[in-house]
Amino acid sequence: MLLGRVQVPRSVRKGEIVEVRVLVQHPMETGFRRDMNGQAIPLNILDKVTARYGGREVFSAELGSGMSANPYIAFYVRAEASGDIEVEWSDDHGEKGRATATLSVG
Amino acid sequence: MAGDAQVKRRAFLRDTAALAGAVAIGAHAQGGLAPSQDITPLIAKIAGGRKVEPGGIDIDIPQVAENGNSVPAHIKVESPMTPDDYVGAIHVFAPRNPRPHVATFHLGPQSGRAEISTRIRLAGTQKVTVLAALSGERFRMADFEVLVTSAACLDESSI
Amino acid sequence: MAKKGAQRRLSPSGEPVLRVLRLFGLGALAIASLAIAAEPQRPQPLRGGSEFQSRDVQALERDDFANPASLWLARGEALWNEARGSAAKSCAACHGDAATSMRGVASRYPKHDAALGRVVNLEERINACAADHQGAPRFAWESPELLSLTAFVARQSRGVPIQVSIDGPAHATWDAGRRTYFTRIGQLNLACTHCHDASWGKTLLAESVSQGHPNGWPAYRLEWQSLGSLERRLRACFFGVRAEMPAYGDRDMIALELYLAWRAQGLASTVPGVRR
C-alpha cells in the first residue's frame, strides 16, 4: 500500500473551481542512484495518478522519473454536487494506493 | 474520459517511451551533466504534425533552484475551459534530464482551470519546456530557464 | 568515539587549547581560555535553520500539507495508535492523545534518563519505551518507523522553545558535547564553531551557512529526498570536513546533541523542517 494524502477545501459553493492537492510517499527511484556498494538502485517510480469526482474521472497524470520524490500534484475541478474526490495511484512495481476527500458543495 | 482516450494515451506513452529511452541511454553513457537534448522529436510526436504556437502559458518556477531534486513548478495555460475550448493535456519536458519527458497531466472542461502545481527534478541548469494540447488539435508551447546549483540524478547524496 | 586519529582525541586537560597555541601563538591562549573556561558564547541573534533556506524551501516547510515530512507524520500517528509487542500496547494506551501528552516533551530532549542512567535523545527514549513497555523490538536507527514516530512526537512540540537541563548528571555529558563542538576534526581540520559561530550567514559554495541549531529536526532534506534525523545531519557534517563519521548512537554524538540543544535554548521548535 502506497501512503498518500488528498486535500480539498472545507466547503465550497456550486460552480466554484476548487484546488485538489495530492501528496504520495514514493522514492521515485531514477535507476541512476548507486548504493554504498556501487550497485545501481533499480528504477521504481509512481507512474500513474487518477482522480474521480462523483465516480467520474476528472484528472489523471502519467509521471516519469523526472518528478520529485514523494510526488506532489495540485489540480483543479469545478464543484458540482457534494461527493467524494477519490484519488488512486500506482507504481511500476504494481504497488497501489488511494485516498479520498469529501467535497461539501453548498 | 472514454476508452478511446485511454487507447490514445497508452499509444502515446509507448511511442514517447521508445524515443525517450533512446535519448536517455545516450545521456547516461556520458556519466555527468549532459548538454540539453533536442526535444523537437518528442514535441512533434505529440503534436502529430500540427503547428505549435508559442506563448499562452505561464510557468511559475524559481529562477534559481536551490536543489535540483525538488523544484516547484506552477503551470497555467490560458483557456476558458469550456466544452468547446479547453486544454486536454499539459506535457512537461526537462531537456537536460536523462529522461526529458517529466510528466503529462490530463485535464478537461470539468477542470475549470488549465492549471497544475507540482515538483520536478532538474539535472542541471536548463530550459523547462511546457507543451499544452488544446481542443481542436491546437498546441501551445513555452519555456523557462532555471539555474540549478545542485543537479538531480547526478549530485546524489549517499550519506 | 573510537578510531578518530590524533586530532579527535579529547583530553580533560584541554588538549585542543595546546593545539591552538602551537598554531597561533600567545594570542590564542586568551581566546582558548575563554572558550574552555567560561560558558561559550552563543550566536546573536539566535536564528533557526529555516532562516537560512530559500523562500521556496521556507514556503514548503510552512505548508502543512505539501511539506513531504507530513507523510512521515501520518505514518507516525498510525504507529502511535498501533498495538505492538508482547504487551500488545500502543503508545496511546499509556500516553493517550499525543497532542496533549507530548506537548513540550521533545523540546526537553536530549535529557538524562534516570532508568537508563545516561543522557538519551528522543529516538533512544522511544526505543526504550518500545522495549520496556510494549515488549517490542527496538526500531533500527534511521528506519522509516523510528523516523516517523520521532517526527510525530517532536511535532507535538512545534512552537515550544527548546529548554534542556544540563544540571546534575547531565552536566558531564553537556561538557563532553561542548568539547566536541570546539575540537577540530577531519582533513579540513575544522570544528563546528568555525562554520556555525564564526561564519554563519556567509556563503559556502552556493549555500548560506546556518548557525547549526537542531530545532527543525527531524527534517525533510531535499538532498536526501527523505525525512532524516539530526544524527544523520551531524554525520553529514563530519563527512563534509572529511572526518570519519561516527556510528549512530555514538555517545559523543548524543553529547553533542545535548550541547546543541543547550546552545539553541529559547529557539522555538519548527519540526518537521524542510532543508536543502
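Residues are numbered from 1 along each chain as its sequence is written, while chains are lettered from A and ligands numbered from 1 in the order in which they are written. In this predicted model, local features need pLDDT of at least 70 and side-chain atom pairs count only at pLDDT 80 or more, whereas totals for chains, interfaces and linings use all residues.

An open sheet of six strands, with antiparallel pairing, runs in the order S1(A)-S3(A)-S6(A)-S7(B)-S4(B)-S2(B); strands are DSSP runs of E of at least two residues, numbered from the N terminus, and two of them pair if DSSP finds at least two bridges between them. At the edges, each pairing on one side only, are strand S1 (4-7) of chain A and strand S2 (57-60) of chain B. From one strand to the next the twist averages 15°, with axes taken as lines fitted to C-alpha atoms and angles running from 0 to 180 degrees between N-to-C directions. Within chain B, S2(B) is joined to strand S4 (residues 71-77) by four bridges in the antiparallel sense, and B:Asp60 has B:His74 in S4(B) as its bridge partner.

Chain C contains 12 helices and seven strands, helices being DSSP runs of H or I of at least four residues. Of its 276 residues, 41% are buried, that is, they have 20 or more other C-beta atoms within 10 Å of their own, with C-beta atoms placed from the backbone. Among the contacts in chain C with a separation of 6 or more, 71% link residues 24 or more positions apart, a contact requiring C-beta atoms, placed from the backbone, within 7 Å.

Chain C is divided into domain 1 (46-60 + 163-275) and domain 2 (64-155), with bounds from an automatic or database domain assignment. The C-alpha centres of these two domains lie 21 Å apart, and their contact takes 23 residues from each of them. On the side of domain 1 that touches domain 2, the elements giving two or more residues are helix H9 (170-182) and helix H12 (251-263) of chain C, with H12(C) giving the most, five residues.

The mean pLDDT of chain B, on a scale of the predictor's confidence in each residue from 0 to 100, is 85, and 80% of the residues of chain B reach 70 or more. Over residues 15-30 of chain B, however, pLDDT stays under 50, and the model has 20 contacts beyond four places in sequence for this stretch.

Methods:
Buried ≥ 20, exposed ≤ 12 C-beta atoms within 10 Å, placed from the backbone. Contact = placed C-beta atoms within 7 Å.
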